[in-house]
There are 2 protein chains.
Amino acid sequence: MFQWVYINSEFVKEEDARLHYRDLAIQRGYGVFDFFKIVTNQPVFLDDYLDRFFFSSGHMRLHFHLTRSELKDIIYTLIQKNGVTDCGMRLTLTGGYSPDGYQLASPNLIISQHTIQPPSQEQYKKGIKLITYAHQRQLPEVKTIDYLIAIWLQPKVKSAAADDILYYKDNLVSECPRSNFFIVTKDEKVVTPSCNILKGITRKKVLETARQHFDIEERDISLEDIKQAKEAFITSTTKMILPVAQIDDQIFSEGMTITTKLQELLVQFQEGKLV
Amino acid sequence: MFQWVYINSEFVKEEDARLHYRDLAIQRGYGVFDFFKIVTNQPVFLDDYLDRFFFSSGHMRLHFHLTRSELKDIIYTLIQKNGVTDCGMRLTLTGGYSPDGYQLASPNLIISQHTIQPPSQEQYKKGIKLITYAHQRQLPEVKTIDYLIAIWLQPKVKSAAADDILYYKDNLVSECPRSNFFIVTKDEKVVTPSCNILKGITRKKVLETARQHFDIEERDISLEDIKQAKEAFITSTTKMILPVAQIDDQIFSEGMTITTKLQELLVQFQEGKLV
């Protein structure tokens, strides 16, 4: 479906988009990435994602020599070459071909397009099930390629008939492996953790839109707070706002009124009706 | 120097040893590996390393279809093809070409040879400097490719004029990123942590040989225990036994008598003089 991939200053056929095994992603799991949506040939909230990508690469000392403007040109050229109007795009930056397999080298940059796989209509309607797991992501504020624990836990998710994992540590929840986590309290405050998480772009947009209609709190959420919550949902680029119907044995039985309202607001916002 | 690399059932030229960018090591940092020495064309302690490699791959659900005997045949063929009598060999097994970038696929196996880079004679003679850092490796008992924190910390090591990092958590030390850690107590017990570490093959061999001459303890080591210690050293396949002269501000000034004795015993053991 996507014929072209950009890799280290050239556009290559998808099947030729390869890295030598000496790359530090393969040798040492070292790299960062970002992922955004393309709707009708336009990247959505591109500058927010590029801000984060430049932050991640800088923080991990993966210095590549493209300005924001050059990177945008490549992104738009790739969209045009592949000719798929609605999809996702991933920027991946790895540790490069290290001579000793440990020291950083000149990073490898890969820009690729992907089909978006949103949750099912049933998941949006009924909400999903999360299971909690005691874990804290490494360097949580950086979008690294480290998903070791999340992928390792997949059989556990499946055997619990769950959809995803909610990480917690020392009684405080942080995030899901690829989503941010929110609760709605009984007095209808919209609350999301502020520490030890990756700050999602969709999370940011939800906070921006929700702030106009609800009380917002960015603060720690304990496991006990969840027990007292009225609603819960997760947010991500792919999922937008996805209701949570159950966390471990706790079922959220009071409906999803606020979550539904926020879903509508976010769609309006993304479609530019509020901007 | 090494012309051939084995990758997914064939021997290819080193420059052609590439993985497609969809591999889960590149996308999600998901993979395991192992590394052993080859001395005079013979892998050293091969079965110990293969035991660990099969454990790591099984634990991470990276199921590949080679028996131990088939894997050994490939290893010996590669040694012969490359014709380098003394070097290192690395087995790398990644999450494979995932259709959705998240689910495990058929793993990719890479077997490659590398120059061994032992510490300098000065490091062996004077001992190295470690700095402590609060961190616990993810899935510590598995030899995954996750070295995110270790590589990210390199500038910190350099600016402290140190040689390596010693991880600790909740006041207990565990290991260095690529080495196990030992202390020698004032009453000449040889002590090494037993929990939350990767159990090194060299660590195992040191314990086997040391047990015949010294009291051995595999138990938790606190930061306070280090303050009271007489000697300290680290062990790894590449380093064998490397004395530690300093940890943060603490200098080990009582010499390295026991460490030196253990170095001699390990060399004898590896050369088959004790077996």
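In the predicted model, A:R22 and B:E14 are joined by a salt bridge, with their closest N and O atoms 3.0 Å apart. Side chains of opposite charge can pair when their charged atoms come close. For the interface of chain B and chain A, the rule gives two salt bridges. Polar contacts across this interface amount to 25 residue pairs, with both residues at pLDDT 80 or more. Several elements of chain B each supply at least two residues of the side that touches chain A: the strands β3 (18–20), β6 (87–94) and β7 (108–114), and the helices α1 (24–28), α5 (148–152) and α6 (154–159). By residue class, the side of chain B that touches chain A consists of 24 nonpolar, 14 polar and 10 charged residues.

The extent of the interface can be given in residues and in area. In chain B, 48 residues are in contact with 48 residues of chain A. About 4800 Å² is buried between chain B and chain A, and carbon and sulfur atoms give 54% of this area. Within chain B, the residues that lose the most area to chain A are B:Y21, B:Y102 and B:L148, which together account for 17% of what that side buries. Strand pairing also crosses from one chain to the other: strand β3 (residues 18–20) of chain A is joined to β3(B) by three bridges, and the two strands run antiparallel. In this pairing, A:L19 has B:L19 in β3(B) as its bridge partner.

Within chain A, six strands make up an open sheet with antiparallel pairing, in the order β2-β1-β7-β6-β4-β5. Strands β2 (10–13) and β5 (42–43) of chain A lie at the edges, and each pairs on one side only. The strand β1 (residues 4–7) of chain A runs antiparallel to β2(A), to which four bridges join it. One of the residues involved is A:Y6, whose bridge partner in β2(A) is A:F11. Helix α3 (residues 68–82) of chain A packs on the sheet and touches β1, β2, β4, β5, β6 and β7 of chain A, its direction making about 40° with that of β7(A). Helix α2 (residues 46–59) of chain A lies across β4 (31–39), β5, β6 (87–94) and β7 (108–114) of chain A, and runs at about 175° to β4(A).

Over all chains, the rule counts 35 salt bridges. Among them is the pair A:K204 and A:D48, whose side chains meet with an N to O distance of 2.6 Å. This pair links distant parts of the chain, as A:K204 belongs to helix α7 (residues 201–210) of chain A and A:D48 to helix α2 of chain A, 156 residues apart.

Chain B also contains an open sheet of six strands, with the order β2-β1-β7-β6-β4-β5 and antiparallel pairing. Strands β2 and β5 (42–43) of chain B are at its edges and have a single partner strand each, so one side of each is left without a neighbour in the sheet. Strand β4 (residues 31–39) of chain B pairs with β6(B) in the antiparallel sense over eight bridges. Here B:G31 has B:T94 in β6(B) as its bridge partner. Helix α2 (residues 46–59) of chain B packs on the sheet and touches β4, β5, β6 and β7 of chain B, with a direction at about 175° to that of β4(B). Helix α3 (residues 68–82) of chain B lies across β1, β2, β4, β5, β6 and β7 of chain B and runs at about 40° to β7(B).

Strand β1 (residues 4–7) of chain B is joined by four bridges to strand β2 (residues 10–13) of chain B, and the two run antiparallel. In this pairing, B:I7 stands opposite B:E10 in β2(B). The two strands β1(B) and β2(B) form a hairpin with two residues between them, and B:N8 in the turn has a positive phi of about 50°. β1(B) also pairs with β7(B), in the antiparallel sense, over two bridges, and B:Y6 has B:I111 in β7(B) as its bridge partner.

Further along chain B, strand β12 (residues 179–184) and strand β13 (residues 189–192) pair in the antiparallel sense over two bridges. B:I183 is partnered by B:V191 in β13(B). Four residues lie between the strands of this hairpin, in which B:E188 takes a positive phi near 65°. Four bridges also join β13(B) to strand β14 (residues 215–218) of chain B, and these two strands run parallel. In β14(B), B:E217 is the bridge partner of B:V191.

Methods. Residues numbered from 1 in each chain as written. Chains lettered and ligands numbered in written order. Predicted model: local features only at pLDDT ≥ 70, side-chain atom pairs only at ≥ 80, totals over all residues. Heavy atoms only, no water. Contact = heavy atoms within 4.5 Å. Buried area = accessible area lost by both parts, 1.4 Å probe. Salt bridge = Lys/Arg side-chain N within 4 Å of Asp/Glu carboxyl O. Polar contact = N/O pair within 3.5 Å; in protein donor to acceptor, adjacent residues only side chain to side chain. Nonpolar A, V, L, I, M, F, W, Y, C, P; charged D, E, K, R; others polar. Pairing = 2+ DSSP bridges. Axes fitted to C-alpha atoms, helices over the stretch in contact; angles between N-to-C directions.
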